[in-house]
Amino acid sequence: YQRRVAITAGGMPSGLGSYKSKESNKLIEEFMLKANVSVAEKLVEHYPDNAIIRRHVGPKENVLKDTKKILTRMGIEVDTTSSKMMQEALNKLQHAPNQPTPVGLVVASLLAKCMSLATYHSSGEFDSPVDYFHYGLSMELY
């Protein structure tokens, strides 16, 4: 489910809702991710010092630590050692695949607040390709 904000004709928020993503949305998202990774790989291969890459550093540790404490007090255990482990924990908070529970939506929102924004860089800014890592997607290059 995706969150949706209803907006009045005057541009003011008037309500919150959600809509269910279709299988076609997921397929398009997968193709988009694969295409972006493929382009990034080619750019770094042909322009190792000048390729524009999207980098996403890990979460703000202090905020993540506090969020984990809050969730633990609520009886919700989330392994925060990696974005993959956090996604697995969120997957467990679903009625069925891609059908999050209300608790799952709240947990996802809390975890999202811990994340840094992704930024664009020149590959030449870094000493090692390890530094290109995109935390949110758990991908070496994006």
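**Figure 1. The backbone nitrogen of Gly-136 sits 2.7 Å from a polar atom of the His-56 side chain.** This is a predicted model: local features need pLDDT of at least 70, side-chain atom pairs count only at pLDDT 80 or more, and totals for chains, interfaces and linings use all residues. Residues are numbered from 1 along each chain as its sequence is written, and side-chain values use heavy atoms, with hydrogens and water left out. The His-56 side chain also reaches the backbone oxygen of Ser-116, at 2.6 Å. Such polar contacts are pairs of N or O atoms within 3.5 Å; within protein, one atom must be able to donate a hydrogen and the other to accept it, and residues adjacent in sequence count only if both atoms are side-chain atoms. His-56 belongs to the loop between strand S3 (52-55) and helix H2 (61-73). Helices (H or I, at least four residues) and strands (E, at least two) are DSSP runs, numbered from the N terminus. Why does His-56 count as buried? Its relative accessibility is 7%. The cut-offs are under 20% relative accessible area for buried, over 50% for exposed, and partly exposed in between (1.4 Å probe, protein chains only).

**Figure 2. The contacts of His-56.** Neighbours within four places in sequence are left aside here. His-56 then contacts Met-115, Ser-116, Leu-117 and Ala-118, and also Phe-133, His-134, Tyr-135 and Gly-136. Contact means heavy atoms within 4.5 Å.

**Figure 3. Ser-83 and the backbone oxygen of Tyr-135.** A polar atom of the Ser-83 side chain lies 2.6 Å from that oxygen. Ser-83 is part of helix H3 (residues 83-92). With a relative accessibility of 13%, Ser-83 counts as buried. Not counting residues up to four places away in sequence, Ser-83 touches Tyr-135, Gly-136 and Ser-138.

**Figure 4. Ser-138, a residue with positive phi.** Its phi is about 55°, although Ser-138 is not a glycine. Ser-138 sits in the segment after strand S6 (119-122). Ser-138 counts as partly exposed, at 38% relative accessibility.

**Figure 5. Helix H2 against helix H4.** Two packed helices are described by the angle between their axes and the distance between the axes. How do the axes of H2 and H4 (residues 102-112) lie? They come within 9 Å and cross at roughly 160°. The axes are lines fitted to C-alpha atoms, for helices over the stretch in contact, and angles run from 0 to 180 degrees between N-to-C directions. H2 and H4 are therefore roughly antiparallel. That term covers angles over 145 degrees; under 35 is roughly parallel, 65 to 115 roughly perpendicular, and the rest oblique. H2 contributes Leu-64, Thr-67 and Leu-71 to the contact, and H4 contributes Val-107, Leu-110 and Leu-111. Five of these residues are nonpolar, one is polar and none is charged. Ala, Val, Leu, Ile, Met, Phe, Trp, Tyr, Cys and Pro count as nonpolar, Asp, Glu, Lys and Arg as charged, and the others, Gly among them, as polar.

**Figure 6. Asn-62 and Cys-114.** Asn-62 lies in helix H2. Is Asn-62 buried or exposed? Asn-62 is exposed, with a relative accessible area of 54%. Asn-62 and Cys-114 are 52 residues apart in sequence; their C-alpha atoms are 8.5 Å apart in space.

**Figure 7. Leu-43 in helix H1 (residues 23-46).** Leu-43 counts as partly exposed, at 31% relative accessibility. Not counting residues up to four places away in sequence, Leu-43 touches Pro-48, Ala-51 and Ile-52. Leu-43 and Arg-55 are twelve residues apart in sequence, and 14 Å apart from C-alpha to C-alpha.

**Figure 8. The chain as background to the close-ups.** The chain has four helices and six strands. Along the sequence they follow the pattern β-β-α-β-α-α-β-β-α-β. The C-alpha atoms fill a box of roughly 45 × 40 × 30 Å, taken along the principal axes. Of the 142 residues in the chain, 25% are buried. Among contacts between residues at least 6 apart in sequence, 61% join residues at least 24 apart.
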